[in-house]
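Trainee: Could you walk me through this one? I'd like to begin with the surface and then go on to the overall shape.

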Amino acid sequence: PRVVSVASFKGCASPRFHTSYAPQLPGTNYAQFIVNTTGIDATVEVLDEYAPRLSNAYPEARVRFKQISYSEAVHPVEFRLSGECLDTLRRDADKLLTLMRGMPDLILAHTDMNEPQPATCVTLKEDEASRLGINNVVLETTLAMRYGNGLPVATIWDGDYAQDVVLKGEHADRALPDDLENELIPVMGGLAEVPLRQIAQISPVWKNGQIVRRNGVYTITVSADLQRGGNGMEQMARIQSLLPTLHLSPHTTVTPGGDVEDTNDKLPSILAGLAIAAVIILFVLIAHFKRVGQSLLIFASMSLCLFGTAAGIILQGVDFSVTCFLGIVALMGIIVRNGIIMFDYAEELRRDEHLHVREAIFLSARRRMRPIFLTSAAASMGVIPMILGGSGLWMPMGTVICYGTLITMVFLLTVLPCAYLLCFQGSTERREKAELLETK
């Protein structure tokens with residue numbers, strides 16, 4: 001009853017239906033199921049129930065359960081080992097793989113070399129082959145046509161789908177080493193045929209399932225998934241601290257991937273945007289107050305939003321995601337607006353009523369308490385639907401704004417007046433002396 005629908009894809013992955021989702025390359029050993037549930041709670045329940053039970057239920061298959069999120073990392077825990085020697089990389093990858101498989105918080109640890117595949121090594125007998133006019137090119141071409149994808153000879157249509165008719169050997173899809181030994185190879189321009197065992201040595205071997213190069217360099221990626229409720233950043237940091245104990249080859253370069261790489265890719269642009277927003281706010285404050293001191297004080301008060309942000313994330317139990325930064329930018333604007341409301345009235349009292357800075361900021365805080373509370377409450381209540389919606393994209397942003405405005409409001413009405421008093425308590429005397437001198 002918790003499942004609404006299931007879409008299945010055999011031999012390939014689904015099309016790109018999500019911004020941060022990259023489809024899997026097609027292959028006969030891959031299948032994917034997209035399960036739609038009645039809600040987020042049902043999704044979590046299904047994952048908690050089935051993931052521990054089925055992840056290791058099939059020895060010959062790797063079953064992954066993944067909840068759709070806005071992280072572009074395929075695996076939360078991932079390390080890439082790069083170097084020029086494939087054998088050295090394989091030994092280092094085995095060491096790291098053994099370490100990760102021994103960590104109880106990680107599951108499905110594996111490398112992208114995949115499982116070893118049975119293969120057949122064909123070594124040409126130079127003397128016998130030369131006498132019959134056979135070389136490596138002729139042999140490779142013949143075997144590739146008979147045991148590969150075949151030679152296309154026609155196309156037939158099944159409705160709107162085209163299917164190729166190919167010419168290939170009888171044992172192409174399920175050949176044994178004995179079948180390959182008895183394969184007849186044409187010689188003398190096709191006038192005669194000899195079995196392959198007469199001109200080549202055939203021996204069964206095991207080969208790597210996949211060899212990956214990254215930027216032209218041999219690279220082995222060691223990946224793992226997390227137990228339900230695990231933190232990928234913590235596990236990555238833990239593995240990095242244990243890497244020196246593995247004594248990897250000095251020629252092997254280890255690069256973190258997963259959640260760490262995803263965060264490092266996104267964080268610089270986000271921090272740059274945050275810095276640009278802060279600079280714009282500072283110039284707006286200076287243009288409004290015409291004084292650097294008051295502008296810097298309100299600008300520094302934006303750091304108070306960190307307390308509300310931290311409290312909201314901890315209380316709601318959400319991850320600090322990209323949209324949290326957007327919430328912080330909005331929160332900075334709310335803090336600056338409330339600070340301007342308070343300081344503007346205090347400066348008006350000092351200028352028109354000639355009040356001391358202590359009295360001016362006290363009356364301003366008491367008078368502006370109601371509009372500050374109303375604006376903060378309106379902002380915090382307005383994002384409650386975002387929190388109740390439970391969206392992985394917008395819930396963190398709503399959490400930061402809701403808790404941040406309420407908690408920062410208390411700091412604005414207590415810390416900011418005290419800071420104003422400490423910074424400008426001597427300015428009233430200086431202003432009075434300046435006015436007295438102008439009068440004289």
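**Surface patch and overall shape**

Mentor: On the surface, Met145, Leu151, Val153, Ile156, Val165 and Leu167 form a nonpolar patch with about 490 Å² of accessible area together. Strand 6 (151–158) and strand 7 (161–167) are the elements that give two or more residues to this patch. This is a predicted model, in which local features need pLDDT of at least 70 and side-chain atom pairs count only at pLDDT 80 or more, while totals for chains, interfaces and linings use all residues. Residues are numbered from 1 along each chain as its sequence is written, and side-chain values use heavy atoms, with hydrogens and water left out.

Trainee: Which strand gives the most to the nonpolar patch?

Mentor: Strand 6 does, with three residues, and Leu151 lies in that strand.

Trainee: Is Leu151 buried, exposed or partly exposed, and why?

Mentor: Leu151 counts as partly exposed because its relative accessibility is 41%; buried means under 20% relative accessible area, exposed over 50%, and partly exposed in between (1.4 Å probe, protein chains only).

Trainee: Changing topic, how many helices and strands are there in the protein chain?

Mentor: The protein chain has 16 helices and 13 strands, where helices (H or I, at least four residues) and strands (E, at least two) are DSSP runs, numbered from the N terminus.

Trainee: And what does the C-alpha trace span along its principal axes?

Mentor: The C-alpha trace of the protein chain spans about 125 × 55 × 45 Å along those axes.

Trainee: How much of the chain is buried?

Mentor: Of the 440 residues of the protein chain, 35% count as buried.

How values were computed: Patch = residues over 30% accessible without salt bridge, like charges linked within 9 Å, V, L, I, M, F, W, Y side chains within 5 Å. Areas by Shrake-Rupley, 256 points an atom, 1.4 Å probe, with all protein chains shown as cover. Salt bridge = Lys/Arg side-chain N within 4 Å of Asp/Glu carboxyl O.
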